[in-house]
Amino acid sequence: MISVENLKKKIEEKLGNKVTSFKSLSGGCISDAYKITTSDNSNYFLKYNPSISDDMFIKEANGLNELAKTNAIRVPKVLHFDSELILLEYIPTGSKKKTFFEDFGRQFAEMHQFSSDNFGFYEDNYIGSNPQMNIPDELEKDDWVSFYFKKRILYQLKLAEKIGNSTEELRKGISKLENKINEIVGDSNEKPSLLHGDLWSGNYMVDEDGSAVLIDPAVYYGHREADLGMTKLFGGFGSEFYQAYNEAYPLQDGFEYRENIYKLYHVLNHLNLFGGGYYSQAISLIKYYV
């Protein structure tokens, strides 16, 4: 781990400007965060962590750049990244404007209309600090049900078994789910949508104009209901968000029934990140269907 002074020097080399202020910020779950000001009064946001996986910031940068392609919702501009840090545009925080959730819902619907021919992504990335498997096999790239069950639910079960979070009850429940997964998820003729992948209230911010900014993505191309399911897991999205979304890009019948299958991935991931408290929630979500 390098000293703050050496970190400053590294940033000065990248920006070609002298750093005049290097202020620690609170709120980072995994990494240290700083607001940097340079001699020309420009501000930047830095996340630094020399002890995480070598490619975590690289994958974050690639995810932000993928979201930026849609021009639907603001994301911080990526200025530099390497194995230890990511340097982003600094976005001042503001207060939600009156139409915040209505606008956010419409923008999110617009983002979901940015599509790919295949499910998955060109690289694996991370969901929190756990790996997220995105590279599909020949079947999965065209089959959402297969992709979602194998790359999301089954992967998390295998991870739970590896770290000692699994039980016979969990294994049997997911085995029963596998037998019903086609019936639960159903057929969809929608093209794979670009997903944020981990959208809860802690992974968006409010900019100086009172509008939404997406941060900390876990992107891939998948069924858009998976993104919306995550927004329901911890709450924090106004009813106007969902109403505006559905007006802009109407959801298919039965989406409420499918919500829990998409919550399950994130609850299993939280079980594997944080332990026991999420176990009973995972079992409850499984029992909703089997």
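Glu140 sits in the loop that joins strand E7 (130-132) to helix H4 (144-163), where helices (H or I, at least four residues) and strands (E, at least two) are DSSP runs numbered from the N terminus. The model is predicted, so that local features need pLDDT of at least 70 and side-chain atom pairs count only at pLDDT 80 or more, while totals for chains, interfaces and linings use all residues. Residues are numbered from 1 along each chain as its sequence is written, and side-chain values use heavy atoms, with hydrogens and water left out.

Glu140 counts as buried because its relative accessibility is 2%, buried meaning under 20% relative accessible area, exposed over 50%, and partly exposed in between (1.4 Å probe, protein chains only). Leaving aside residues up to four places away in sequence, Glu140 touches Phe119, Ile135, Ser146, Phe147, Lys150 and Lys151, contact being heavy atoms within 4.5 Å.

In helix H9 (residues 279-287), the buried residues are Tyr279, Ala282, Ile283, Leu285 and Ile286. They lie on the same side of H9 because they cover an arc of only 160° around the axis, the arc being that of the directions from the helix axis to the C-beta atoms. These buried residues pack against helix H5 (168-185) and helix H8 (255-274), whereas Ser280 and Lys287, on the other side of H9, are exposed.

A further contact involves helices H3 and H7. Phe101, Glu102, Phe104, Gly105, Arg106, Phe108, Ala109 and His112 in H3 meet Glu240, Phe241, Ala244, Tyr245 and Ala248 in H7.
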